[in-house]
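Hi,

Here is the structure I promised to pass on to you. Have a look at it first, and then read my notes below.

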Amino acid sequence: MQSLEKLAGQVVVVGSGIAGLMTALELAPRPVVLVTRAELGRESSSLWAQGGIAASLGPDDDPELHLADTLAAGAGLCDQEVARGILSDAGDAIATLEHYGVRFDRKADGTFSLGLEAAHGRRRILHAGGDGSGAAITLALAEAVRRTPSITLLTGVEARRVLTEEGRVTGLLLQTETEAGILSTTQVVLATGGLGGLFDATTNPSGNVGQGVMMAARAGALLTDMEFVQFHPTALDVPRTPLPLVSEAVRGEGAWLLNGAGARFMQDTEGAELAPRDVVARAIHAQIAQGQRVYLDASRMLGPRFATAFPTIDRLCREAGIDPARDPIPVRPAAHYHMGGVATDAFGRTSLAGLWAVGECAATGLHGANRLASNSLLEAVVMARRAAKALGETPASATKGALRTALAQPLPRTDVDTVRPIVSNHLGLIRDKAGIDDAIRRLRPLVLDDGPASDPALVALSIACFAALRLETRGGHARRDFPNLLSKPIRHRMDLDDILAATADLGPAKPPLVSEYMT
């Protein structure tokens, strides 16, 4: 690890997916340290995103129509004004991405080629490189970062703790395989991605286990909506980890979901194959629970055009011995996106002074209980730009002990193997009190033990605690013992002390610090 003293006092961005890369770029020419555990952009869900980025740019579309679809998918828990603001910034977000070198797919007349995905009422999904949109955007931004002299890269470095004094950020504990050190800073932006790696079946990089949520919680920041995990309905059902994604755009082009008996089991559901993700995922889960395999059949609508329309998915299928032009594609639900995370305002500020969060680790209120397809990349870009603008207007405060950039004792390497079975068995697509209670009973000692499993266990315990409080089925949170919606939507916000207090025994949970009733 290079000398940290020279970097003291700079803004530090943790994570190199689209949100982190965009934040660093938009802060230029202000000096920024970008901390990334893997090669720039390479261990991020952004890189694997196939569907594209949602933007209401079509001639028959506008932000209010996009908002209506977002609110409907969010099942009553979206922050309407935050959502309206983010969706209204879509045009500027797309223009900014093009400025940094992203080339979106266009039709012969030069207009954007817009795709359709589930629960969208209009074609509004922009792609770059067909079904390789995430990679195209991430790699373009990564190259722009490498060309930007104000950005210092710390590659192969993991952020483990946000340090505080008197309720303010004062530094960041960083470590490599062999050493650890403290980087003194009063402004940290978490852009660490999601937590799908806590589950056996996931489309995320397996190392994504909620590090940003963990660091924010340990530093004292509020978390919100932790119970809402979105399971993508159509991961490729093959023996591979993580599971490859079969984009929703395939269903947008007319592919059908069939069970092993050849029955199209979604046809009588409103929206059919393009119903909201939580609806489709639960329907597929029910088929699998009955002993059926589930398939996505694109041969009828796409046939030989499949390879041209979806080259990445075609390659993934063929690697598994499947010809998607002719063969039904075996699919299953897999953990894909986390709607909850570190509670932020409309500019990425958390409840802790000096700490910001953008991208999937943050919870702005855009997604509510269930993310509308392809809104995540839009949120990442818009919120990164907003956070950078707000940071540019916020001078770094003087740091007490600014030269406290000495070597530190490395924390034990994170062990998720103990936590993953608990999360997969009890906090997955369908939940109930017995499973949630058992998860809490097994996770809480791991958190308090402060051993190698403590960090992922903290994130998992947060999911379990929020899930225990939500006595209903809403969006990405489904309970077999509470299958109905409550009449009044509510979002919970808690810090780590609240979570530990609420899980101290398995009787009635103590009330959260903040409950926000949606109107």
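Let's start with a term: a salt bridge is a side-chain nitrogen of Lys or Arg within 4 Å of a carboxyl oxygen of Asp or Glu. Before the results, a word on where they come from. This is a predicted model, in which local features need pLDDT of at least 70 and side-chain atom pairs count only at pLDDT 80 or more, while totals for chains, interfaces and linings use all residues. Residues are numbered from 1 along each chain as its sequence is written, and side-chain values use heavy atoms, with hydrogens and water left out.

**Salt bridges**

How many salt bridges does the rule give? The count comes to 37. I picked a few for you to find.

Helices (H or I, at least four residues) and strands (E, at least two) are DSSP runs, numbered from the N terminus. Buried means under 20% relative accessible area, exposed means over 50%, and partly exposed is in between (1.4 Å probe, protein chains only).

- E143 pairs with R146, and their closest N and O atoms are 3.7 Å apart. Both sit in helix α6 (residues 133-146), three residues apart, which is about one turn of the helix. E143 is partly exposed, at 37% relative accessible area, and R146 is partly exposed too, at 43%.
- R251 pairs with E248, with 3.4 Å between the closest N and O atoms. These two are also three residues apart, about one turn, in helix α8 (residues 248-252). Here R251 is buried, with a relative accessible area of 2%, and E248 is buried at 1%.
- R318 meets D314 in a salt bridge at 3.0 Å, N to O. They are separated by about one helical turn because they are four residues apart in helix α11 (residues 311-319). R318 is partly exposed at 45%, whereas D314 is buried at 10%.

There is also a network of salt bridges that links R160, R161, R218 and D455.

**The cores**

Next, the inside of the protein. A nonpolar core is a set of buried Ala, Val, Leu, Ile, Met, Phe, Trp, Tyr and Cys residues joined through side-chain atoms within 4.5 Å. Which residues have the most contacts inside the largest core? They are L174, L190, L198 and L355, in a core of 67 residues. Helix α15 (residues 454-469) supplies the largest share of this core, 11 residues. A second, separate core has 53 residues, including L27, L40, I94 and V381.

If contact means heavy atoms within 4.5 Å, then L355 touches V162, V169, V188, L190, A216, A221, G348, R349 and T350, leaving out residues up to four places away in sequence.

Now look at α14 (residues 433-449) and α15: their axes come within 8 Å and cross at roughly 145°. (Axes are lines fitted to C-alpha atoms, for helices over the stretch in contact, and angles run from 0 to 180 degrees between N-to-C directions.) The residues of α14 that meet α15 are I436, A439, I440, L443, R444, L446 and V447. On the α15 side, the partners are S454, A457, L458, A460, L461, A464, C465, A467 and A468. By class, this contact has 14 nonpolar, one polar and one charged residues. For those classes, Ala, Val, Leu, Ile, Met, Phe, Trp, Tyr, Cys and Pro count as nonpolar, Asp, Glu, Lys and Arg as charged, and the others, Gly among them, as polar.

Most residues other than glycine have a negative phi, and most peptide bonds are trans.

A cis peptide bond joins A28 and P29, with omega about 10°. P29 lies in the loop between α1 (18-27) and β2 (32-36). The bond from T241 to P242 is cis as well, with omega near -10°, and P242 is in the loop between β12 (229-236) and α8.

E166 is in the loop between β7 (158-165) and β8 (168-175). A272, which is not a glycine either, has a positive phi of about 50°, and its place is the loop between β13 (256-259) and α9 (277-289). Are these two buried or exposed? E166 is exposed, at 71% relative accessibility, while A272 is buried, at 13%.

Enjoy exploring!
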